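This briefing goes through a predicted model by topic. Please keep the sequence and the structure at hand while reading.

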Amino acid sequence: MRTVLSVNLFFRYTLSLLTIVLLGVSVASCERRPLEEPGYRTALIPVSILWEDAGLDPDNDPAHDVYSASVWLFAKDGSPLFGDKPYREYRLVNPSEGEIEVPVGEYSVLIFNNTVSDFSSNVAFRGTDSYETFEYYAFPNTRSSYMRSEGKSLILEPDILAAWHLDTFEVTSGMITRTRTRGNDLRADDPVRSLLDVRPQLLTPRVHVIAHVHNLAAAASASAALLGMGSSVLLATGRTQAPASTYVFSMNNRQLEEPDLMHGTVEAQFNSFGPLQTSDNPQYGLEISFSLHQSYKGSVTFPTPPAPPFTFDVTGQVYSVEAELHIDLEIGIEVGHEIDLPLPVNGGGTGGKGGFGIGVSDWGDPINIPIN
């Protein structure tokens with residue numbers, strides 16, 4: 001009897017000991033699990049983006065201005081939380097929504113259209129290792145034949161960029177549980193929702209230039225330069241940066257007016273970085289010159305060199321106090337009426353058209369010629 005009792009006690013003791021050991025292993029395993037599996041130490045943060053404030057529509061995007069989206073996180077303390085870098089880039093295949101896995105920490109956030117490698121050869125990004133220095137800029141325009149380029153910073157037309165920023169976004173350990181628990185409804189004020197329904201703003205406003213020209217039918221083409229604009233923009237502030245730059249572009253979208261089809265307008269549209277936002281007194285100028293169908297005083301360029309092109313102070317149209325606070329989708333510039341092209345005599349008479357014999361059919365259909 002004592003032997004049976006001893007055996008029972010032994011088995012009970014052994015079973016209890018085994019249970020304690022297994023429980024300890026299980027607890028130890030659970031404690032290590034977050035360190036071994038990335039999904040258990042990151043919060044699953046939802047992101048949704050509304051692009052209409054920037055004039056973009058992912059569902060109607062023939063130019064591929066917004067066929068994906070980028071989310072950049074920067075560690076506030078600069079610590080290398082993502083490998084050896086204090087930042088991480090997430091790409092959203094769907095430019096309107098997605099989810100990103102974010103470790104516990106405090107971050108600054110940038111969101112913009114496409115990725116840094118998706119933009120054209122006209123532009124690039126620099127200072128991307130820091131939230132404050134993340135900058136979008138255009139390369140110098142070395143292909144232009146603009147005759148008055150000396151002393152000016154000529155740049156290429158930038159691609160469309162729209163961006164949103166958040167100075168501080170904190171991910172806590174509690175967010176991990178809330179974002180990874182099925183059926184957990186998040187409160188409207190939950191910080192997890194901080195990246196929902198963000199509205200990027202356009203950082204490359206479109207410039208629309210119109211010039212009224214007398215005797216426009218005498219011209220074969222028109223070229224122009226807009227002086228004094230910003231040369232880059234910081235994504236975290238939306239402020240354009242020095243030096244003051246010049247855009248050179250063609251103005252060959254032409255419209256002749258009834259009834260004589262002699263006078264009319266030339267237009268051009270292109271992307272820019274917008275006004276140069278500075279504490280100094282900015283000045284913006286527009287220069288326009290024309291190529292004539294026939295020479296005038298020995299040149300087909302008018303005004304005839306060395307005379308300067310038609311020059312206009314457009315500061316009041318480009319820059320305003322509001323420009324410091326908000327970037328419009330389009331900057332409108334309209335000049336002219338005093339632009340008067342010559343109609344030289346050809347064959348002994350003017351014939352009402354200066355002997356050019358030009359009609360609207362010589363122009364062809366109005367066309368938009370992109371910026372050089």
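- Four bridges join S6 to strand S7 (residues 135–138) in the antiparallel sense.
- Within this pairing, Ala-124 lies opposite Tyr-137 of S7.
- Arg-126 and Glu-135 form a salt bridge, with 3.1 Å between the closest N and O atoms.
- Arg-126 has a relative accessible area of 38% and is therefore partly exposed, whereas Glu-135 is buried at 14%.

**The five-stranded sheet**

- Another open sheet has five strands in the order S3-S2-S5-S8-S9, with antiparallel pairing.
- Strand S3 (87–92) and strand S9 (201–202) are the edge strands; because each has a single partner strand, one side of each is left without a neighbour in the sheet.
- Seven bridges hold the antiparallel pair formed by strand S2 (residues 69–75) and strand S5 (residues 105–113).
- Ala-69 faces Asn-113 of S5 across this pair.

**Strand S10 and its partners**

- Of the nine residues in strand S10 (residues 206–214), seven are buried, which leaves the strand mostly covered.
- On the antiparallel side, S10 pairs with strand S16 (residues 264–271) over eight bridges.
- Ile-210 is placed opposite Glu-267 of S16.
- S10 also runs parallel to strand S20 (residues 330–340), and nine bridges join the two.
- Here Val-209 has Ile-333 of S20 as its bridge partner.
- In general, strands of a sheet pair through backbone hydrogen bonds, in either a parallel or an antiparallel sense.

**Nonpolar cores**

- The largest nonpolar core contains 54 residues.
- The residues with the most contacts inside this core are Leu-235, Phe-249, Met-251, Leu-286, Ile-288, Phe-290 and Ile-333.
- Strand S11 (residues 219–229) contributes the most to this core, giving five residues.
- Beyond its neighbours within four places in sequence, Ile-288 is in contact with residues including Ala-211, Ser-223, Ala-224, Met-251 and Pro-303.
- Further contacts of Ile-288 are with Pro-309, Phe-310, Phe-312, Val-335 and Ile-339.
- Nonpolar side chains tend to be buried together in soluble globular proteins.

**Salt bridges**

- The whole structure holds five salt bridges.
- One of them joins the side chains of Glu-52 and Arg-199, at 3.4 Å from N to O.
- This pair links distant parts of the chain, 147 residues apart: Glu-52 is in the loop between strand S1 (42–48) and S2, and Arg-199 is in the loop between helix H2 (173–180) and S9.
- Both side chains are in the partly exposed class, with a relative accessibility of 47% for Glu-52 and a relative accessible area of 33% for Arg-199.
- Glu-52 and Arg-199 also belong to a network of salt bridges that includes Asp-53.
- Arg-178 and Asp-190 form another salt bridge, with the closest N and O atoms 2.8 Å apart.
- Arg-178 is in helix H2, and Asp-190 is 12 residues apart from it, in the loop between H2 and S9.
- Arg-178 is partly exposed at 27% relative accessibility, while Asp-190 is buried with a relative accessible area of 4%.

**Confidence in the model**

- The chain has a mean pLDDT of 81, and 75% of its residues reach 70 or more.
- Residues 20–39 stay under 50 in pLDDT, and the model gives this stretch six contacts beyond four places in sequence.
- Residues 347–372 also have a pLDDT below 50, with 52 contacts in the model beyond near neighbours in sequence.
- Where pLDDT is low, the predicted coordinates should not be read in detail.

How values were computed:
Residues numbered from 1 in each chain as written. Predicted model: local features only at pLDDT ≥ 70, side-chain atom pairs only at ≥ 80, totals over all residues. Heavy atoms only, no water. pLDDT = per-residue confidence, 0-100. Contact = heavy atoms within 4.5 Å. Buried < 20%, exposed > 50% of the residue type's maximum accessible area, 1.4 Å probe, protein only. Pairing = 2+ DSSP bridges. Core = buried A, V, L, I, M, F, W, Y, C linked by side-chain atoms within 4.5 Å. Salt bridge = Lys/Arg side-chain N within 4 Å of Asp/Glu carboxyl O.
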